[in-house]
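Reader: I am new to this structure. Please walk me through how to read it.

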Amino acid sequence: MRMMNALGFVTALVLVAPVPGHAQAPASGASDIIVLFRDGVTPAERERLLRQSGGAGNRHFRNVPASAARAGTRSRAFLERHPDVVAVVPDRDVETLGKPTSTGSATALQGIPAGVTRIGAQPGAVAFTGSGVGVAIVDTGIDTAHADLTVAASCFTVYTACQDDEGHGTHVAGIVAARNNAIDVVGVAPDATLYAVKVLNRRGRGSDSTIMAGLDWIADHAALVAPPIRVVNMSLGRQGTLDDNPALRASVQALTRAGITVVVAAGNDGSLDVSQQVPATYPEVIAVASTTATAGASACGVHRSPVAADTASYFTTDGEFDLVTGIGVSASAPGEDHEDIGKNCVLKSVGILSTRLGGGTIRMAGTSMAAPHVAGVVALMAEQSALTPDEARRRLRLGADAVDTAPLDSPAGGYTFDGEREGVVSAPGGLAAP
């Protein structure tokens, strides 16, 4: 799928880890790197080797034989030649994949967001609510004081606190599991328990190594916390390729081997294929593209027909799912409420309504908002029965609504069909799929 981007998208235990830092003055040409070692090299041995190279380690991962470090040109060359080192890669920047489309509103009577209704997860529509299922939100944190969210005391941060200081993570969390009470909104799995894994800063930015640190914590604690973490949502990413950071992929694989389903946003660059987005390109994850939940309005004299529900969002990255490689969009889900066409014939996104940092609600749009709809459905299925990540993907695809019909073609200039209409994720369909 190829589309223009009119929104300007860039195509109680608390465990605190240190912010990535520099243990010594940076050498000539110094940069942040991730070093993947051969199996069996201990953290102490990694640190000694990094210091021997002239670099300095600032984080050693437990579930993957890798370390984040600061190293100069000579240090990196030394590491690349060492027999205990498998790969040395840049510690690349990662960011959120959702943007606000409104200023937000104060706490009000509960409403059912259009996305929740579209996927058939409104209260009473299905027999499961996510009870007993933990969902980790790997993001900017979660507003633990929000009255519409049930957030576990156990959390992780690479900064000083797990509390959200940007707003994106709180919005994502509400789509997954806003409570079915009298205020604000209701999520897909309203009785699921949310775990804040804060790996992005107050500008919604982090790096491969901060993501790895969060995934490392989940791998260590998923089975120890109550309820256990069975689903992970990552509404974040960057441009990249399958093999550009084998350590990051190994961190994801550590979770999937443990039976944890990892759901990620496909990306907000319509000029790219999902195979060009990280972590969405990983075969181990469920990559989610964005659609509209409802029909929009049109004031354009040329394109008089409004944008219909289930239309591919003009900003979404997409890509046909490959059954052999496992790479591609596994599911599509609402990443915006609807799209309007203005008098100037430019598409305008009206975002998904969900919880806002500081209380109340706000609208945001992006594949960041599509992914948590799917993570919520996986939580419902996890309450229904134990399932592996592969089983979750298979049931989501089998149970999708409007397969071979949706997503509809976007009216955006430059749009091309990616070759597959995988349908829109369905809570009843996923629960009923064999």
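Author: Start with the elements: helices (H or I, at least four residues) and strands (E, at least two) are DSSP runs, numbered from the N terminus. Here, Ala258 lies in the loop between α6 (246-257) and β14 (261-265). This is a predicted model, where local features need pLDDT of at least 70, side-chain atom pairs count only at pLDDT 80 or more, and totals for chains, interfaces and linings use all residues. Residues are numbered from 1 along each chain as its sequence is written, and side-chain values use heavy atoms, leaving out hydrogens and water.

Reader: Is Ala258 buried or exposed?

Author: Buried means under 20% relative accessible area, exposed over 50%, and partly exposed in between (1.4 Å probe, protein chains only). Ala258 has 56% relative accessibility, so it counts as exposed.

Reader: Why is helix α4 largely enclosed by the rest of the structure?

Author: Because 10 of the 10 residues of α4 (residues 168-177) are buried. Among them are His168, Gly169 and Val172.

Reader: How many disulfides does a search of the whole structure find?

Author: A disulfide is a pair of cysteine sulfur atoms within 2.5 Å. The search finds two. Cys155 and Cys162 form one, with sulfur atoms 2.0 Å apart. Both Cys155 and Cys162 are buried. Cys300 is joined to Cys345, S to S 1.9 Å. That pair links distant parts of the chain, 45 residues apart.
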